[in-house]
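Student: I have a structure open and some questions about it. Can we work through them one at a time?

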Amino acid sequence: MALRNKLMVINAGSSSLKFKLFQMGQAGEGGALSAIASGVCERVGDPSASFLRAKANGSEESKAQHAMPDHTSALGAVAQYLSSAFTGDFTKEVHGVGHRVVHGRHMSQPALISAEVRSTIEQAADLAPLHNPPNLMGIDAALQTFAGVAVFDTAFHQTMPPAAFMYALPYELYTERAIRRYGFHGTSYNVDTSMGLTPLEGLMMGTRCGDIDPAITSYLAAKGMSPKEIDQMMNKKSGFLGLAGNADLRNHAEARFGPHVGGDAAERSRLAVDVYIRRVRKYLGAYFVHLDGQVDAIVFSAGIGENSAPMRREFCRGMEFAGVKIDEVKNEGAGVGKAADVAAADSRVRILVLPTDEELSIAQQTVDVIAAASSSAAAA
């Protein structure tokens, strides 16, 4: 009998399927998880152009064409790749699959996927239309072969107090329609959140507008835009794309922090970055107040946090009054993918650059859920 000592994490998008495979350590090794393979299926749904990029056991990344008309065939391509990369029957070695799910409504813990859990994910699709439908596609594809666990972006934020998650709307909208702040991206951090009922609230992003005056929507509707057009504009045509014509922050950061370049495009890039910095600093200040000034550390992670020293510098600029003082040399020398403390020696608050690993967090939670389910079944 094959030893079920591997665990997979899947993050399914509308036209992609990302995966990461972990080796589960023995009990004597503390049950540690180590990543042994990862990759992404791209252009799922376009069989003539879909392909798989993947690497395993430290090898160079490979790229191969695969006809992937749907997520089931994409997962089949992943299984085929992993079976060739590892000896034995891969499908019989997988202990379970952890799925990243963006919106879980009331779900406050990761959960073994059942008909009820699947229904909850489906019901939340109208609140996260860009994420939950493809998340379900990945779940349905994997459940044909593997036990599945849903890990929700919203789960941690269910612990927020009512004063933090309630909107100042008629109370019946909360009791009857579950309208409240849910928060997202809680799979790799555990704090308050700038996001709300949907991922649209909060900071501006590549194509999302973030916080706006809600009256803008009714104003645009009165001018003839349909609800669908307004939603599409706010989710897919705003943010850096809307302000500066490109969703990739790196292009705009170069215009903002690199050699000065004239022209309207460069000016709009600089404006977009300045809007973003201002909004980050506003939230940073708000969280300092919520914590009564008792802040141990500011943590920068993921794309911007790990990769942009100038952005970290601007976020922390002028905050010496709050005990935050960045070391310019350490900040510039912080390497991508490595943990670093870039605070000055006399800074009361540490300023940390930490690589995020959402897949590892999902994998750890998946192991815990499956173990708990196994224990309950044995006890019964």
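Tutor: Start with a cut-off: a residue is buried when its relative accessible area is under 20%, and exposed when that area is over 50%. Keep in mind that this is a predicted model.

Student: Is E93 buried or exposed?

Tutor: E93 sits in the loop between α1 and β6. Its relative accessibility is 10%. The cut-off for buried is under 20%. Therefore E93 counts as buried.

Student: Which side chain does the side chain of E93 make a polar contact with?

Tutor: Look for a pair of N or O atoms within 3.5 Å. For E93 the contact is at 2.8 Å. The partner is the side chain of K6.

Student: Now D346. Is D346 buried or exposed?

Tutor: D346 lies in the loop between β10 (340-341) and β11 (350-353). The relative accessible area of D346 is 56%. Exposed needs over 50%. So D346 is exposed.

Student: What distance does the polar contact between the side chains of D346 and K325 have?

Tutor: The limit for such a contact is 3.5 Å. The side chains of D346 and K325 are joined by a polar contact of 3.2 Å.

Student: How far apart in space are D346 and D327?

Tutor: In sequence, D346 and D327 are 19 residues apart. In space, go from C-alpha to C-alpha. The distance between D346 and D327 is 9.6 Å.

Student: Which element gives the largest share of the lining of the second largest pocket?

Tutor: That pocket holds about 890 Å³ of space. Its lining has 29 residues: 17 nonpolar, 5 polar and 7 charged. Two or more lining residues come from each of α5 (171-177), α6 (215-222) and α7 (227-236). The largest share, 5 residues, comes from α7.

Conventions
Residues numbered from 1 in each chain as written. Predicted model: local features only at pLDDT ≥ 70, side-chain atom pairs only at ≥ 80, totals over all residues. Heavy atoms only, no water. Helix = DSSP H or I, 4+ residues; strand = E, 2+ residues; numbered from the N terminus. Buried < 20%, exposed > 50% of the residue type's maximum accessible area, 1.4 Å probe, protein only. Polar contact = N/O pair within 3.5 Å; in protein donor to acceptor, adjacent residues only side chain to side chain. 1 Å grid on protein atoms, 1.4 Å probe; cavity = no way out; pocket = protein on both sides within 12 Å on 5 of 7 lines; lining within 4 Å. Points joined across faces, edges and corners; volume = space filled by probe spheres on them. Nonpolar A, V, L, I, M, F, W, Y, C, P; charged D, E, K, R; others polar.
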